[in-house]
Amino acid sequence: MKSYLIPGLLSGFILLGLSVALLFMLVSFLPHLAEEYYNPIFRSEDDRNWMFYAHPFILSFALAWFWHRFKMKFKGHWVMRGLELGVVYIIVAILPTMWLTFSAIDVNSSMVLTWIGYGFFQSVVAGWLFAKTNP
């Protein structure tokens, strides 16, 4: 349990901080893309905003479990192990989800590509942390 709890919580807090920072950077550097999020297809009600803040912890604990179970498959330096975790996460989870999202919801390709990049970034950062704290 300790092999999931500490790395999962630590990764969750780090990813939460990075998520908030990236949100502000998106608004500052890509305002036209940030405006896409005000599309009526997305919920604008305040009752679900907590989900944005819970997401890094859900992702962190899921990746911590995956790391604990399959870390022996990732070889090499901790940087490469984290990148490999990111690639696996993109192939297994993000690409199929984004394919479905792009085909079912009226979002543009730049939004989908930034979501893919964001998912890769999150999983690589978590992978680096897991590779350092739970080799």
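Visitor: In which helix is the place of S60?
Guide: Helices (H or I, at least four residues) and strands (E, at least two) are DSSP runs, numbered from the N terminus. By that numbering, S60 sits in helix α3.

Visitor: What kind of model is this, and what is its mean pLDDT?
Guide: Residues are numbered from 1 along each chain as its sequence is written. The model is predicted, so local features need pLDDT of at least 70, side-chain atom pairs count only at pLDDT 80 or more, totals for chains, interfaces and linings use all residues, and side-chain values use heavy atoms, without hydrogens and water. The predictor's confidence in each residue, pLDDT, runs from 0 to 100. Here 93% of the residues reach 70 or more, and the protein's mean is 88.

Visitor: Where is confidence lowest?
Guide: Where pLDDT is low, predicted coordinates should not be read in detail. Helix α4 (residues 78-104) has the highest mean, 93. The lowest mean, 81, belongs to helix α2 (residues 31-36).

Visitor: Is S60 buried or exposed?
Guide: Buried means under 20% relative accessible area, exposed over 50%, partly exposed in between (1.4 Å probe, protein chains only). S60 has 0% relative accessibility, so S60 counts as buried.

Visitor: Which residues have the most contacts inside the largest nonpolar core?
Guide: A nonpolar core is a set of buried Ala, Val, Leu, Ile, Met, Phe, Trp, Tyr and Cys residues joined through side-chain atoms within 4.5 Å. The largest one has 24 residues. Its residues with the most contacts inside are L63 and F130.

Visitor: Which helix gives the largest share of this core?
Guide: Two or more residues come from each of α1, α2, α3 (50-70), α4 and α5 (109-133). The largest share is nine residues, from α5.

Visitor: Which residues does T101 contact, leaving aside neighbours within four places in sequence?
Guide: T101 lies in helix α4. With 16% relative accessibility, T101 counts as buried. Contact means heavy atoms within 4.5 Å. The partners of T101 are V107 and W115.

Visitor: What separates the C-alpha atoms of M72 and P135?
Guide: M72 lies in the loop between α3 and α4. M72 is partly exposed because its relative accessibility is 48%. Along the chain, M72 and P135 are 63 residues apart. Their C-alpha atoms are separated by 8.6 Å.
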